[in-house]
Amino acid sequence: MSNYSRIFLSSPHMSGNEQKYINEAFETNWIAPLGPNVDQFERELSDYVDVRDAAATSSGTAAIHLALQLLEVEQGDVVFCSSLTFIASANPIVYQGAEPVFIDSEPDTWNMSPLALERALLDAEYEGKLPKAVIVVNLYGQSAKMDEIMAICNRYSVPVIEDAAESLGAEYKGKKSGTFGKFGIYSFNGNKIITTSGGGMLVSNDEAALKKARFLATQARDPAPHYQHSVAGYNYRMSNILAGVGRAQLEVLNDRVAARRSIFNRYVEAFGNIEGINFMPELEGTLHNRWLTTLTIDREELGVSPMKLIDALAEENIEARPVWKPLHLQPLFEGKKYYMHEEGRSVSDKLFANGLCLPSGSNMTEEQQQRVIDKVLDVVHSNKVRIS
Ligand SMILES: *Cc1c(COP(=O)(O)O)cnc(C)c1O
């Protein structure tokens, strides 16, 4: 094991202003899941992404769960979801007792394939059971092909929830990622592009729906002094202390996007000419926030598998990871329906088999990044030599 300090995939990067908002919360004794920081954070984030309203939640997962509630997803209903994503995208479908159907990726964005979505909706219509919602994920900071996806979903009148947990600050055709569907969600978990340690946000242009989201997120208390409840609610609001952290983080979001993009560019400079290494593309007309630099490896060409590279980096105390294991391959979802990009061609399986994520934190120093680059080059070169 190396003596060097550990290099993480993505670690929290404070701006220095967080303490100011935390202190305000303490001085005014707003130590609660409501208060001025929560109200301000909601307003500032909705201004930033340009939507009418935003509701701060205890996590991104909670925000997805609320969106499903608002769309009245119930036991036995069907919900479509991107397959190549983190489990949190789909867990709320399980909470509701609904049936997930997984949709493959396409190669241009690694996100939901419009072709697979179209086939899945055709089948669903034929069977007389359209999904109550489609959860579209914007993976690693790259927007999905939202024009195509929205056109298809609108044709079938199926609402879209955009899981933009990883794509805050990214853009699609000049509009912020997460603002195309009926609802969008963001996450402020510790590893995301900005963080409140834990937290999330539900956004929409439907202000009445978000009013209901706030009601559900605070135990669904009826307007009466004696604590009356007609429906089951949740305790899903964000703490006023953590919202203070979020306000300071939001102020530097554009800097964080720029930093992650420049880290990506340095990796491209170092590996871009190596045959057998391909970076996740940036779709034309979009701005990728490069939350994580991800790439695929052609192991024939390179003589190295992603896991071998990950293990070699781990020996130097550097954290690298495979890309998300597709949900249709998870034991939890065994036997669930899955629609491939094309018949007999699963794009997400291939990305999972060949993909890897490199350390991409905005607080990574150039020296630390050089350590990652040197190690990767070292492994690649020594294996090439061995083959020839
Ligand atoms: C992080 C993440 C979430 C969940 O967010 P939490 O705030 O951790 O609940 C959902 N979807 C994706 C794609 C994520 O990466």
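**Notebook: domains and pockets**

I began with the domain centres: in this predicted model, the C-alpha centres of domain 1 and domain 2 lie 26 Å apart. I noted the bounds as 18-252 for domain 1 and 254-387 for domain 2, taken from an automatic or database domain assignment. For the contact (heavy atoms within 4.5 Å), I recorded 48 residues from domain 1 and 43 residues from domain 2.

On conventions, I number residues from 1 along each chain as its sequence is written, and side-chain values use heavy atoms, without hydrogens and water. Local features need pLDDT of at least 70 and side-chain atom pairs count only at pLDDT 80 or more, while totals for chains, interfaces and linings use all residues.

**Interface**

I looked up the buried area, i.e. the accessible area (1.4 Å probe) that two parts lose on being put together, summed over both. Domain 1 and domain 2 bury about 4100 Å² between them, with 61% of it on carbon and sulfur atoms. On the domain 1 side, I found that Trp-110, Tyr-140 and Ile-193 lose the most area to domain 2, together 21% of what that side buries.

I then listed salt bridges (a side-chain nitrogen of Lys or Arg within 4 Å of a carboxyl oxygen of Asp or Glu). The rule finds 3 across the interface of domain 1 and domain 2. I also noted a salt bridge of Glu-99 with Lys-336, whose closest N and O atoms are 3.2 Å apart.

**Pockets**

I took a pocket as an open set of points on a 1 Å grid over the protein atoms alone, where a 1.4 Å probe fits, with protein on both sides within 12 Å along at least five of seven lines; lining residues have an atom within 4 Å of a point. Volume is the space filled by probe spheres set on the points, which are joined across faces, edges and corners.

The largest pocket holds about 300 Å³ of space. Its lining has 15 residues, and I found Pro-107, Thr-296, Lys-350, Leu-351 and Asn-354 closest to the centre. I counted 7 nonpolar, 5 polar and 3 charged residues in this lining. The largest share, 4 residues, comes from α12.

For the second largest pocket I noted a volume of about 250 Å³. Of its 13 lining residues, Leu-9, Asn-191, Glu-319, Arg-321 and Trp-324 lie nearest the centre.

Note on methods
Helix = DSSP H or I, 4+ residues; strand = E, 2+ residues; numbered from the N terminus. Nonpolar A, V, L, I, M, F, W, Y, C, P; charged D, E, K, R; others polar.
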